[in-house]
Amino acid sequence: MAVVKQKSELPPSKARGEPADAAKPRRSRTKVEQRADKMEQILDAAEYLFSIHGLYGVTLKDVAQRVGVHHTLLNYYFTDKKKLFDAVIARRAEVTIQLRMQALDDYDAATKGKPTVEGALRAFLDTDLDLYSQGGENWKNYGALGAQVSNTPYGAELFDLHFDPVVLRLIDLLKKALPGCAEADIFWGYHFVTGSLMLTLARTGRINRLSGGLCDSDDFEAVKDRMATFMAAGFMSICKPDADASL
């Protein structure tokens, strides 16, 4: 009987007893990839420090020390501290704006242009709260930073620049949901909504102490369960017919 020789099923490198990695050498990262990784480290470090100390309590040298690089590297990427601060705000703003705008558009389409106040608020608020509750500590740092800078003139300018389009999209839905409401009341209602959201994102722990531990300022799910419903009732309460619209 002829003996049939079976071919080895092992790759040539293993058949020869060579290490598996020898067949496919590991690709070294490109300079572009290295630069992108370093930039993320810098932005994460700056985000954390700014969220605690604010724009004026942090230096480029502080950020460099947290990253573990010489401060001249920070000057290579950013000519001054404000440019770094702007980049920190812009990085995650793009993400949250895109998600909320999509949620508002989807809700508008699903309701065929007949939204409710609570439904519009849920599309706006819940989408954002999910990011902070599920996105990890970096997103929570960003939330705390946003809460802090929103109460400063420079921070308000950045919020105008980045967030006005998505806020005005929400206002558009609220006007559809409250066709007889005075426009000023809708804007005041949003003012109260954003104040509540910023206090939530600040995670100060005050509600923990006030409630004797019954509530937790890190419990974004508890906030999500209640905020839109509470705020919708507020809109319905303050909404008054627009006198001009009846003329």
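Lys-112 lies in the loop that runs between helix 5 (81-110) and helix 6 (117-134). This residue belongs to a predicted model, in which the protein has eleven helices and zero strands.

**Overall architecture**

- Of the 247 residues in the protein, 38% are buried.
- The accessible surface of the protein comes to about 15000 Å², and carbon and sulfur atoms account for 57% of that surface.
- Among contacts between residues at least 6 apart in sequence, 71% join residues that are at least 24 apart.

- Most residues other than glycine have a negative phi.
- Lys-112 has a phi near 55°, a positive value in a residue other than glycine.
- With a relative accessible area of 70%, Lys-112 is exposed.
- Arg-203 also is not a glycine, and its phi is positive at about 50°.
- The place of Arg-203 is in the loop between helix 9 (183-202) and helix 10.
- Arg-203 counts as partly exposed because its relative accessibility is 22%, and partly exposed residues fall between the 20% limit for buried and the 50% limit for exposed.

**Salt bridges**

- A search of the whole structure finds 17 salt bridges.
- One of them joins Arg-91 to Asp-44, with the closest N and O atoms 2.9 Å apart. Arg-91 lies in helix 5 and Asp-44 in helix 2 (residues 31-53), so this pair ties together parts that are 47 residues apart in sequence.
- Within this pair, Arg-91 counts as buried at 16% relative accessibility, whereas Asp-44 is partly exposed with a relative accessible area of 24%.
- Arg-91 and Asp-44 also belong to a network of salt bridges in which they are linked with Glu-40, Glu-47 and Arg-92.
- Another salt bridge is formed by Arg-122 and Asp-126, whose side chains meet at 2.8 Å, N to O. Both residues lie in helix 6, four residues apart, which corresponds to about one turn of the helix.
- Arg-122 is partly exposed, with a relative accessible area of 24%, while Asp-126 is buried, with a relative accessible area of 11%.
- Lys-83 forms a salt bridge with Asp-80, and the closest N and O atoms of this pair are 3.6 Å apart.
- Lys-83 is partly exposed, with a relative accessible area of 45%, and Asp-80 is partly exposed as well, at 31%.

**A patch of negative charge**

- Four residues, namely Asp-216, Asp-219, Glu-221 and Asp-225, gather in a patch of negative charge on the surface.
- Asp-219 counts as partly exposed, at 33% relative accessibility. This value meets the requirement for a patch residue, which is a relative accessible area over 30%.

- Gly-143 lies in helix 7 (residues 137-149) and is buried, with a relative accessible area of 1%.
- Apart from residues up to four places away in sequence, Gly-143 touches Tyr-132 and Leu-201.
- The C-alpha atoms of Gly-143 and Leu-129 are separated by 9.6 Å, and these two residues are 14 residues apart along the chain.
- Leu-55 has its place in the loop between helix 2 and helix 3 (60-67). Although it is located in a loop, Leu-55 is buried, with a relative accessible area of 7%.
- Leaving aside neighbours within four places in sequence, Leu-55 is in contact with Phe-50, Lys-81, Lys-82, Phe-85, Gln-148 and Tyr-154.
- Leu-55 and Leu-145 are 90 residues apart in sequence, and their C-alpha atoms are 9.4 Å apart in space.

Note on methods:
Residues numbered from 1 in each chain as written. Predicted model: local features only at pLDDT ≥ 70, side-chain atom pairs only at ≥ 80, totals over all residues. Heavy atoms only, no water. Patch = residues over 30% accessible without salt bridge, like charges linked within 9 Å, V, L, I, M, F, W, Y side chains within 5 Å. Areas by Shrake-Rupley, 256 points an atom, 1.4 Å probe, with all protein chains shown as cover. Lys, Arg positive; Asp, Glu negative; His and termini not counted. Charge placed at Lys NZ, Arg CZ, Asp CG, Glu CD. Buried < 20%, exposed > 50% of the residue type's maximum accessible area, 1.4 Å probe, protein only. Helix = DSSP H or I, 4+ residues; strand = E, 2+ residues; numbered from the N terminus. Contact = heavy atoms within 4.5 Å.
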